[in-house]
Amino acid sequence: MKKTIYILLFFSVSFYMKGQSNAVTNMNRKIVTQFSKPAVLAYQKQAEKTIIDFYNYLNLYSETIHDKDLTDEIDASIINLFLNENISVKNILQASDNTISLIQFIVECHQNERAFKFVEWKASKVSDSYFELQYVIEVSEKESITTQLIQQKVYFFPSEKHFGTTIKNVWQLKLGEML
């Protein structure tokens with residue numbers, strides 16, 4: 001009987017400690033608790049640069065209209081910037097406020113020559129696991145220019161990277177929803 005109580009007590013304490021360990025791990029994934037204010041600002045600047053890289057890649061499409069291999073490489077690079085390929089993005093190629101998947105957006109970018117010009121940053125906010133950035137972009141097609149106000153999330157999260165036999169925890173930035 002004593003043996004059963006000890007075993008039960010052991011498992012109860014083990015599960016309790018495991019639950020506490022997970023709670024601490026999840027709590028420490030918040031951006032503000034992991035980094036100093038200057039470090040958060042530096043990562044936010046990197047998030048801004050990632051958004052600008054996205055538009056620079058889109059501008060490359062107009063220069064590679066007949067080179068399928070290069071277009072495929074640009075597609076892969078754009079998809080790699082985002083959290084996943086089915087994420088919702090604002091369809092800035094049309095005048096409406098509709099959202100489409102990233103893959104649909106890329107396909108539409110292949111169809112016509114457009115130029116994208118970053119105009120300015122409007123606002124930013126730091127959340128637990130992402131930066132929320134607001135900015136203005138100009139889209140030019142032939143002789144028409146439209147200006148769009150975009151609100152976009154840039155996710156910031158830890159992941160394991162393998163360097164030979166060494167495993168390191170590193171923090172990644174990935175573009176998220178664009179509204």
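## Questions about a predicted fold

Q: Why does K68 count as exposed?
A: K68 has 58% relative accessibility. Exposed means over 50% relative accessible area, buried means under 20%, and partly exposed is in between (1.4 Å probe, protein chains only). So K68, at 58%, counts as exposed.

Q: What kind of model is this, and how are its residues numbered?
A: It's a predicted model, where local features need pLDDT of at least 70 and side-chain atom pairs count only at pLDDT 80 or more, while totals for chains, interfaces and linings use all residues. Residues are numbered from 1 along each chain as its sequence is written, and side-chain values use heavy atoms, leaving out hydrogens and water.

Q: Where do K68 and D72 lie?
A: Both sit in helix α4 (residues 68-81), four residues apart, about one turn of the helix. Helices are DSSP runs (H or I, at least four residues), strands are runs of E (at least two), and both are numbered from the N terminus. An α-helix has 3.6 residues a turn, so residues three or four places apart point the same way.

Q: Which other pairs form salt bridges?
A: The whole structure has five, including K45 with E48 (3.5 Å, N to O) and E120 with K122 (3.4 Å between the closest N and O atoms). K45 and E48 are three residues apart in helix α3 (residues 37-60). E48 is called buried because its relative accessible area is 10%. E120 at 35% is partly exposed, and K122 at 48% is too.

Q: How do you know that the buried residues of α4 line one face?
A: The buried ones are T71, I74, D75, S77, I78 and L81. Seen down the axis of α4, they fall within an arc of 165°, so they line one face of the helix. (The arc is that of the directions from the helix axis to the C-beta atoms.) K68, D69, E73 and N80 are exposed on the other side.

Q: What do the buried residues of α4 pack against?
A: They pack against α3, α5 (102-111) and β6, where contact means heavy atoms within 4.5 Å.

Q: What makes β3 and β6 edge strands?
A: Four strands form an open, antiparallel sheet in the order β3-β4-β5-β6. β3 (115-126) and β6 (166-178) each pair on one side only. The twist averages 25° from one strand to the next, using lines fitted to C-alpha atoms as axes (for helices, over the stretch in contact) and angles from 0 to 180 degrees between N-to-C directions.

Q: How do you know that β3 pairs with β4?
A: Two strands pair if DSSP finds at least two bridges between them. Ten bridges join β3 to β4 (residues 130-141), so they count as paired. One example: A115 has S140 as its bridge partner. Twelve bridges join β4 to β5 (residues 144-163), and eleven join β5 to β6.

How values were computed:
A salt bridge is a side-chain nitrogen of Lys or Arg within 4 Å of a carboxyl oxygen of Asp or Glu.
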